[in-house]
Amino acid sequence: MKVRSSLVLGAVWLLAAAVTIAQEQPSPTPQTAPPPVPTPFPEPAPPLAPAPPTSPSQTSNYFNPSVSVIGNFLGVAGHNPIENLKAASLRESEVALQAIVDPYARADFFLAFSEEGVEVEEGFATFTSLPWKLLAKGGRMRVSFGKINTLHLHVLPWPDSPLPIVNLLGGEEGWKGTGLSVARLIPLPGDTFSELTLQAFDGNSEGLFEAPNRGDLSYNAHYRIFKDLSESVNLDFGGSLGYGPNDTSTKQDVQWTDLEGADLTLRWKPLQTGTYRSAILRAEFIRSHRREPVESQTAYGWFVSGEYQLAKRWWVGARVEASDRAVNAVLRDTGQAVTLTFWPSEFSQLRTELRRRRYAEGVAATEALFQLQFAIGAHGAHPF
Amino acid sequence: MKKLFLVFLLFALARPAHAKVHVVTSLQDFASIAETIGGDRVDTFALAKGYQDPHFVDAKPSFILKLSNADLLIVAGLELEIGYLPPLIDQSRNDKIHPGSVGYLDASIGCDILQRPTTQVTRAMGDVHPYGNPHYWTDPANGRVIARAIAAKLSQLDSPGKETYERNLASFEARLTEKENEWTAKMAPYSGTKIVTFHDSWPNFAKHFKLAIAGHVEPKPGIPPTPSHTLEIINLIKAEKIPLIIVEPYFDRKTPQAIAAQTGATVLPFYPSVGGTPQIKDYFALFDYDIDAFVNAMKGKK
């Protein structure tokens, strides 16, 4: 059943891609293109400073992808026997390679270099010319489960991941999958954006899913609604359902974990930015139901977070969080954090977080996290 | 088969005589020109409002809806929209408006673009635009080029409306010529006047109306004022007897006002785009408003 559904998804995706490409081919019917009509308008004047002729070696660079690197340095002070982060680390250097593949697709690679090694954080092709308002992606990607899980480390509003991500989505890195994603735009009345995303991935995702058989895949469905409440206020709401085999599975007896999530983001940002004030309120809830041979575990996690822009380059924030642990739902961790962020420019960021976490083991840890992020090169804008 | 044909025929007949051309623009200035050229054959939507900093626009999903139905996307180009438009285009599911497609118009093509770097640029220079200064629509001569490009593009997309577009373009150009003479006459007494601007948004305006930009309140593009640079600007204004500090509506006026208090210069809010203030309803009103404000601010100044 699972194999069949993934095959169906793949077939639909391939069919859609084929239809699009076929639509682009010259039509064999007599429906000919209109003859070229000479424009009656004067030709635009050439630029005053035309670029000098380029040599073949230079023109070949035109098709090179945009390259960027974002460094992420983290310093930690305080004592934490449970999450024992290093005193100082270049935690991640994200190398992005992004370009248009052809008239039908673009490709984005995000390689995460850490002190432990290199990982393909994401590497996918996006098919942007599909019919029926579809957008398809194939490759490795952050799964569209909730809001925070989709974000790269450098765009998180904190230097760390909140507890529900750590405890219920496989760890600090969250849920990443290798497979296919299809999203359909479903416009609602009143200029309301809504989008349904269906995803199927290989059944292995570090810390979250472990497939004993090739056909045991993981799945995700996400529905998002976005509405401008006014020119300066907008509301973003999402619901997610995930499903995959957990590490208690055997080849003969596959045990599944169900994930359910809801996310809410409320933004206020006056367009007249002379005042440089804005605010974001985020909340996310995750439920994990992990079937196990002996006893199933049902764990809940949530966080609520707010950020307020004080000045053009200054932000303050606060977060409260709590989460059971997926493998043993009796164990619950809680935490509170406040942040202060300064942006010297669009390309660098300094952030301090004071964090207190109380772990289920009865240990409380108070830490200060210092983050320095810096970007070089042309990094593509991220979706909102 | 006959029934199918009849249903198809009914559907075809039920469609309006001509559907409007849906035009989405990054700036309200282009929307204004497209409305003037397109008349009732087009509807327009601008992603960035005239009072908004066009460098920092959120890529809101509601814009995806607008782009998914667009027949034509008009952009300033020169990477002005690099921070928000590419992901919106990718998610629009509308291949007509992708760069290079028939429904994509880069309004900078053919315009007089200033400050094209001739040496290597780095971000040590601030938020520089490597393809030249993207605030080119503040020169009415560029407005004429943009209007011609929009008319040509609309004629290509909606050939039955070609005559309308040609006629509207002709009247736009005639009015622009008349207005340019009026604006030039108003600004003539101030030819060569030195000014300080907050951001480097005005080289095209200054070139057209023969003003000399002596400095900027920002030490580098996109970098907020620093005490040492502010002192340099104060000394510059005093030494050169600069009468005006021009500030776009989306920047904090605290530092310009502090400079003005120490130098006697006047802080003049200057609007770079249509819609910057409710009185600026179209591209002509943009220059009417700014030039009148400039002339009024210069009264009593040497």
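The buried residues of α6(B) pack against α2 (28-38), α5 and α10 (283-298) of chain B. Contact here requires that the C-beta atoms of two residues, placed from the backbone, lie within 7 Å. Those buried residues are Tyr165(B), Asn168(B), Leu169(B), Phe172(B), Leu176(B), Trp183(B) and Met187(B). A residue is buried if 20 or more other C-beta atoms lie within 10 Å of its own, exposed if 12 or fewer, and partly exposed in between.

The model is predicted: local features need pLDDT of at least 70, side-chain atom pairs count only at pLDDT 80 or more, and totals for chains, interfaces and linings use all residues. Residues are numbered from 1 along each chain as its sequence is written, while chains are lettered from A and ligands numbered from 1 in the order in which they are written.

Helix α6 covers residues 162-187 of chain B; at 1.5 Å a residue its 26 residues should span 38 Å, and the end C-alpha atoms are 36 Å apart, which agrees. The expected span is 1.5 Å times one less than the number of residues. Helices (H or I, at least four residues) and strands (E, at least two) are DSSP runs, numbered from the N terminus.

The largest nonpolar core has 87 residues, and Ile37(B), Ile74(B), Ile146(B), Ile150(B) and Ile245(B) touch the most other members. Its largest share, 8 residues, comes from α5(B). Such a core is a set of buried Ala, Val, Leu, Ile, Met, Phe, Trp, Tyr and Cys residues joined through C-beta atoms within 7 Å. Beyond its neighbours within four places in sequence, Ile146(B) contacts Phe30(B), Ile33(B), Ala107(B), Cys111(B) and Trp137(B). A second, separate core of 20 residues includes Phe124(A), Phe145(A), Ile165(A) and Ala326(A).

Chain B also holds an open sheet of 4 strands in the order β6-β5-β7-β8, with parallel pairing. Two strands pair if DSSP finds at least two bridges between them. β6 (212-216) and β8 (266-269) of chain B stand at the edges with a single partner strand each, so one side of each lacks a neighbour in the sheet. β7 (residues 244-247) of chain B pairs with β8(B) over 4 bridges, and Val247(B) has Pro269(B) as its bridge partner.

The contact between the chains takes 43 residues from chain B and 40 residues from chain A. The table gives the classes on the side of chain B that touches chain A.

| Class | Members | Count |
|---|---|---|
| Nonpolar | Ala, Val, Leu, Ile, Met, Phe, Trp, Tyr, Cys, Pro | 21 residues |
| Polar | the others, Gly among them | 7 residues |
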